[in-house]
Structures are given as structure tokens and as C-alpha cells.
Amino acid sequence: MGTYVENLKKTLGLLKADMPNPPSRDTGDVIEGIFSITKTNEIEVQNPTKAVNKGEHLKKGERLKSEREKAITGAKKKVRPCGFCKVKTNEHTKTTCPLNPKARKKRKASPVTDV
Ligand SMILES: [Zn+2]
């Protein structure tokens, strides 16, 4: 068995010696041959960031929010208490509180009257 393997190795070596150098099938070398350019070592253009399929990264029941929606929720006003009645609301402030006698009256849109 040992001699058989040795014989095989010998014949394989002979075959290799007989064959001329085959052209490289490396992608870079092939492209270099076609376009007559050389491969640069520096990578200038990186791979794009992986796209996420809609809903793939969300928990069950969650909805994918649009950029606009995210901006709206982020810019939402913080609810502060009224300085006069201490009610937490964004409807009025101390200066416009309906319970404050010194408060400014809300301007109502005056109806347009034709003369
Ligand atoms: Zn108030």
C-alpha cells in the first residue's frame, strides 16, 4: 500500500511538471488583464451598510416609525404645571390661566363685519 501511494505521488509530480503554468483565475488578476489596471492595496469604497428589512428589528406589535414621526415625538413639549392653579397642562400658563383674575384675556377672533 505504501509503495502504491508513493507511485501516485510520483506520477502526480510528473503531471504537474508536464503542465505549463496555467493562467491565474484570481478575480483581481482577470480584471487587471481585461482593463489593464492594477489593483490598489487601499480600499477607498467600503461596502454599504446592511439594509434592514421593514419590521425585522422590531418587537412584536411595534410599528416602524417614519423619520417625520420620530422628529415629532422628539420635539414634543414638556408638560409644565400652571403657575397659578398648578394644573399640569400645556393649554394655559400663569399669565393666561382662566382662574387668574389678573390674567390676560384670550383674544378671540373678531367676526369680520362689513360696513
Ligand atoms: Zn391655570
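How many helices and strands make up the secondary structure of the protein chain? There are 3 helices and 0 strands, where helices (H or I, at least four residues) and strands (E, at least two) are DSSP runs numbered from the N terminus. This is a predicted model, in which local features need pLDDT of at least 70, side-chain atom pairs count only at pLDDT 80 or more, and totals for chains, interfaces and linings use all residues. Residues are numbered from 1 along each chain as its sequence is written, and side-chain values use heavy atoms, with hydrogens and water left out.

View 1. Of its 115 residues, 6% count as buried (buried means under 20% relative accessible area, exposed over 50%, partly exposed in between; 1.4 Å probe, protein chains only). The accessible surface comes to about 12,200 Å², with 57% of it belonging to carbon and sulfur atoms; such areas come from the Shrake-Rupley method with a 1.4 Å probe, and for residues only the protein chains shown count as cover. Among contacts (heavy atoms within 4.5 Å) between residues at least 6 apart in sequence, 0% join residues at least 24 apart.

**View 2. Four residues of the protein hold donors of the zinc ion: Cys82 (SG), Cys85 (SG), His92 (NE2) and Cys97 (SG).** These atoms lie 2.0 to 2.3 Å from the zinc ion; donors are N, O and S atoms within 2.8 Å of the metal (3.2 Å for Na, K and Ca), and water is not among the atoms, so sites may look incomplete. The angles among the 4 donor atoms are 105 to 112 degrees, and the site is tetrahedral, a label given to four donors if all angles lie between 85 and 135 degrees. In sequence, the donor residues are spaced C-x2-C-x6-H-x4-C. Cys82 and Cys97, 15 residues apart, both sit in the segment after helix H3 (67-74). Cys82 is buried, at 2% relative accessible area, and Cys97 is buried, also at 2%.

**View 3. Thr89 is found in the segment after H3.** Is this residue buried or exposed? With 14% relative accessibility, Thr89 counts as buried. Leaving aside residues up to four places away in sequence, Thr89 touches Val79 and Arg80.

**View 4. Val30, Ile31, Ile34, Phe35 and Ile37 make a nonpolar surface patch of about 480 Å².** One of the patch members, Ile31, is found in helix H2 (residues 27-35). Ile31 counts as partly exposed, at 37% relative accessibility.

Definitions and conventions
Tetrahedral: all angles 85-135°; square planar, octahedral: opposite > 155°, others 65-115°. Patch = residues over 30% accessible without salt bridge, like charges linked within 9 Å, V, L, I, M, F, W, Y side chains within 5 Å. Salt bridge = Lys/Arg side-chain N within 4 Å of Asp/Glu carboxyl O.
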